[in-house]
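Welcome! Take a moment to look at the structure below, and then we can walk through some of its parts together.

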Amino acid sequence: MQLLHILSWDNIVKKKNPKPCHYLSLFNPLMQNSSVTVVPLAIVAPVRDEAKLIRLTLDSLIRQTVQPVECLFVDDGSTDDTFDIIQSYSAQFPFIRVIKRGDRGFRKVGGGVVAAFKFGVSQIQHQEYQFVAKLDGDMSFGPEYLEKMFAQFAAHPKLACVSGKVFRPEGDLLIEEQIIDEHVAGQFKLYRREAFEEIGGFVEEVMWDGIDVHMSRMKGWETKSFYDKDAILYHHRLMGSSDKNVYKGRLRWGRGIWFMGYHPLYAVASGCFRMREKPFVIGGLLIIAGYLGAALRSAPRYNYPGFRTYLQSWQLGQLKKMLLRH
């Protein structure tokens, strides 16, 4: 796999007419009509001030060949037209709902997103769901995205969560937001409900979308992200830039990997790897600085029994494999 994946904008998934997905009978889907398969998936999408991008996400959802039984947007204190835009789609597509959550007065990255997600889960109407997903409001994806995800679940009974790979449009290019194949994109994280409940859901911290993956694997589940031209996630905002600016986001990232329990060698290696991405060099240095600053302050760390030992053992194994390859 290349360290930096750049695709031509011409490779964006072309829209196709929806068609039934017959293998999904494994999940006892409810057939809404002859062209769309409805699966027992509940999507919860926490959003705040996403009026500029939310239509991209909504349009992607309504064009899916496989439709969730419910998609609940949680407006987490928007001051723009986010709520009204979603409500206009909800009036046309009954599986889309939107509710408001009290405004805390500011965007809280990580913990705030998870708190809004948990609130949304408590408000799901179709409690028979067998799969649950967390979706961001600045994403788009092709019409077969969910169909591709459910094909993976059908083929792998121990698969806890799954996603496609994430790319950021920049002019005529698509720049990959790198994640290894064992990890799953936090922007659209799709879980088997059984696995999600076994790991206790998401942690209300910045690195929630790393902790959950390793917790799943620690408990014997599989996790994956994979390349498929029909399963690309398009991220329309630079990762880590949603709150204040990307530089503060990279420092926050470093503090987050300290909390998560990263081994120092892996933290430095991660920072060096991220130097290849915007903001070039400085972004990776800020991640390392955030980690070291948290370490010097003896900041709290995630203390689930055995988790840090498992994580650091896995990380050292990854570093060993990398060194052997070179």
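Which residues in helix 1 meet which residues in helix 2? On the helix 1 side they are I54, R55, L58, D59 and I62, and on the helix 2 side they are I85, I86 and Y89. By type, the residues of this contact divide into six nonpolar, no polar and two charged.

## The chain as a whole

Please keep in mind that this is a predicted model. The protein chain contains ten helices and 13 strands. It has 326 residues, and 54% of them count as buried.

How does the chain make contact with itself? Take the contacts in the protein chain with a separation of 6 or more: residues 24 or more positions apart account for 79% of them.

## Helix 1 and helix 2

Helix 1 covers residues 54-62 and helix 2 covers residues 82-90. Their axes are 10 Å apart, and the two helices pack at an angle of about 20 degrees. Angles under 35 degrees count as roughly parallel, and helix 1 and helix 2 are therefore roughly parallel to each other. Their crossing is right-handed.

Helix 1 is also the place of S60. Is S60 buried or exposed? With a relative accessibility of 7%, S60 counts as buried. Leaving out residues up to four places away in sequence, S60 touches S140 and F141. S60 and S140 are 80 residues apart along the chain, yet their C-alpha atoms are separated by 5.7 Å.

## Helix 8 and helix 10

Another helix pair is formed by helix 8 (residues 264-274) and helix 10 (residues 307-325). Their axes come within 9 Å and cross at roughly 55 degrees. Helix 8 and helix 10 are therefore oblique to each other, and their crossing is left-handed.

Which residues make this contact? Helix 8 brings L265, Y266 and A269, while helix 10 brings W314, Q315, L316, Q318 and L319. These residues divide into six nonpolar, two polar and no charged.

Now let us turn to the strands. Strand 11 spans residues 188-192 and is mostly covered, with five of its five residues buried. In a regular strand, side chains alternate between the two faces of the sheet. Here, F188, L190 and R192 point one way from strand 11, whereas K189 and Y191 point the other way. The residues on both sides are buried.

Strand 11 pairs with strand 6 (residues 131-135) in the antiparallel sense, over five bridges. In this pairing, K134 stands opposite K189. Strand 11 also pairs in the antiparallel sense with strand 8 (residues 159-164), over two bridges. Here V162 stands opposite L190, and the bridge partner of C161 in strand 11 is Y191.

What joins strand 8 to strand 12, which covers residues 222-226? Five bridges do, and these two strands run parallel.

V162 lies in strand 8 and is buried, with a relative accessible area of 0%. In strand 12, its bridge partner is K224. Leaving aside neighbours within four places in sequence, V162 is in contact with M149, Q152, F153, V184, F188, L190, K224 and F226. V162 and E182 are 20 residues apart in sequence, and the distance between their C-alpha atoms is 9.2 Å.

## Helix 6 and what follows

Why is helix 6 described as largely enclosed by the rest of the structure? Helix 6 runs over residues 208-218, and eight of its eleven residues are buried, so it is largely enclosed. The buried residues are W208, G210, I211, D212, V213, H214, M215 and S216.

Just after helix 6 comes G220, which takes a positive phi of about 95 degrees.

Terms used
Residues numbered from 1 in each chain as written. Predicted model: local features only at pLDDT ≥ 70, side-chain atom pairs only at ≥ 80, totals over all residues. Heavy atoms only, no water. Axes fitted to C-alpha atoms, helices over the stretch in contact; angles between N-to-C directions. Helix = DSSP H or I, 4+ residues; strand = E, 2+ residues; numbered from the N terminus. Parallel < 35°, antiparallel > 145°, perpendicular 65-115°, else oblique. Left-handed = near helix turned anticlockwise from the far one by under 90°. Contact = heavy atoms within 4.5 Å. Nonpolar A, V, L, I, M, F, W, Y, C, P; charged D, E, K, R; others polar. Buried < 20%, exposed > 50% of the residue type's maximum accessible area, 1.4 Å probe, protein only. Pairing = 2+ DSSP bridges.
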